[in-house]
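Dear colleague,

I am handing over the structure below, together with some notes on what was found in it. Please read the notes with the coordinates open beside you.

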Amino acid sequence: MKRNNIIYASIAGAILLAVVLYFSLRHSDSDGHNHNEEEVKTEETATATIKEVELNEAQFNASSIELGTFSLKNLSEVINANGYTKLPPQNQADVSVYTSGIVKAINIIEGQFVKKGQVIATIESPEFTKLQEAYLTSKSNLDFLKLEYERQKTLSEEEVNSKKVFQKTKADYEIERARFNSLQRQLSVLNISGNGATTATVPVLAPISGFITEIYIKIGSNVEAGKPLLNIVDNSKLHVDLLVYEKDLHKVKAGQNVRFVLTNQDNAEIMGKIFSVGKAFENETKSVAVHADITNDKQKLIPGMYVNALIDIGASKVNALPSEAVIKADGREFIFVLEEGHQEETHDEKEGHSHEDGDKHSEETGKSYHFKRIEVKTGTAQLGFVKVSLLQKIENNAQIVLKGAYYIQSHLLKTE
């Protein structure tokens, strides 16, 4: 009986040990399976975030990809304003003449650049001949009266002649001198030299340097004194008038930087600096005109262009990229970075071919460009730029795709 009890106890112990081992092994397998699942999920996430794309030289050139780095932009402490380009009155000219006549010649066309003093047209009138005739007559009379005046002065001082005769000669001399000076100024205004041969035509000179915008005359046109013949503008002093509302006026002052874009010119950014703030409201808009000089790209501008502008009122700047440099995929945001050393790599270098074979093969394949997709976080966006924060580390001098990121992304999707 005692022996049977020992057998039963041994069997029970063995069963208990088997149950403990079974549950221990099952728990271990479960932990290992979960750990493997977590590793696979982490690897999948990393793979989804960091992806590489390779483009050959033909694809790279066809996509018009532009490379660059971060730009420091003030995208937070700014004032939004609208306005237009404007030209000061001293840089615009209406060309006219001082007397009537007939247009004899026109030496310019619309859009042509002219220099100050250049002959742009010729006017003909018999009045010019009459004026020169009067000038030459007056000059001759003046010479005679001057000699007579000096002679009478000498006689008067020696008391040989009466004072009355001397005073009459002096008066005639001064009257003729005033008339001569007047005629001389009239000829000067008409750009006529009084010392040469008489002429019925006079040149019309450009009063300023600039471009011809409009011509109102043609050959044979009758011109009148003071009536404009054509217009000239000098865009070198072009500036921007921005309309700032009353609530922001106290934040604006001379010397602040301005960035603005032309909505019809591919949103190209142009820089400026405020030089004056208006002291009165513009019409009934409750806004004040703020005047800003343009510091670059004036040659692209003409008066009257509409602009969207940002006035920098703070000094805080952030890393920014053009908005088109950031692409969205899978609910996240990415940029593409050119991997260093790959842009010059050719197919023969990668495969280790001989130089002779490589030359032939290199001509067919050309360079290859490797791009890595990097996840980022964007912030404030203004005037075509967006604040970008990196979620993965890149080199300080890394070449970022500023233009053409969507092409690379579509190539990546097609490859996958």
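The crossing of α3 and α4 is left-handed, a term that applies if the near helix is turned anticlockwise from the far one by less than a right angle. This is a predicted model, in which local features need pLDDT of at least 70 and side-chain atom pairs count only at pLDDT 80 or more, while totals for chains, interfaces and linings use all residues. Residues are numbered from 1 along each chain as its sequence is written, and side-chain values use heavy atoms, with hydrogens and water left out.

Helices (H or I, at least four residues) and strands (E, at least two) are DSSP runs, numbered from the N terminus. The axes of α3 (residues 126–157) and α4 (residues 163–189), lines fitted to C-alpha atoms over the stretch in contact, come within 8 Å and cross at roughly 155 degrees, on a scale from 0 to 180 degrees between N-to-C directions. That makes α3 roughly antiparallel to α4, the class for angles over 145 degrees.

Elsewhere, glutamate 110 lies in the loop between β6 (101–106) and β7 (113–114), and touches Ile212, Thr213, Glu214 and Ile215, not counting residues up to four places away in sequence (contact means heavy atoms within 4.5 Å). The C-alpha atoms of glutamate 110 and isoleucine 212 are separated by 5.1 Å, although these residues are 102 apart along the chain.

Finally, 4 strands form an open sheet with antiparallel pairing, in the order β9-β8-β6-β11, where two strands pair if DSSP finds at least two bridges between them.

Best regards

Note on methods. Parallel < 35°, antiparallel > 145°, perpendicular 65-115°, else oblique.
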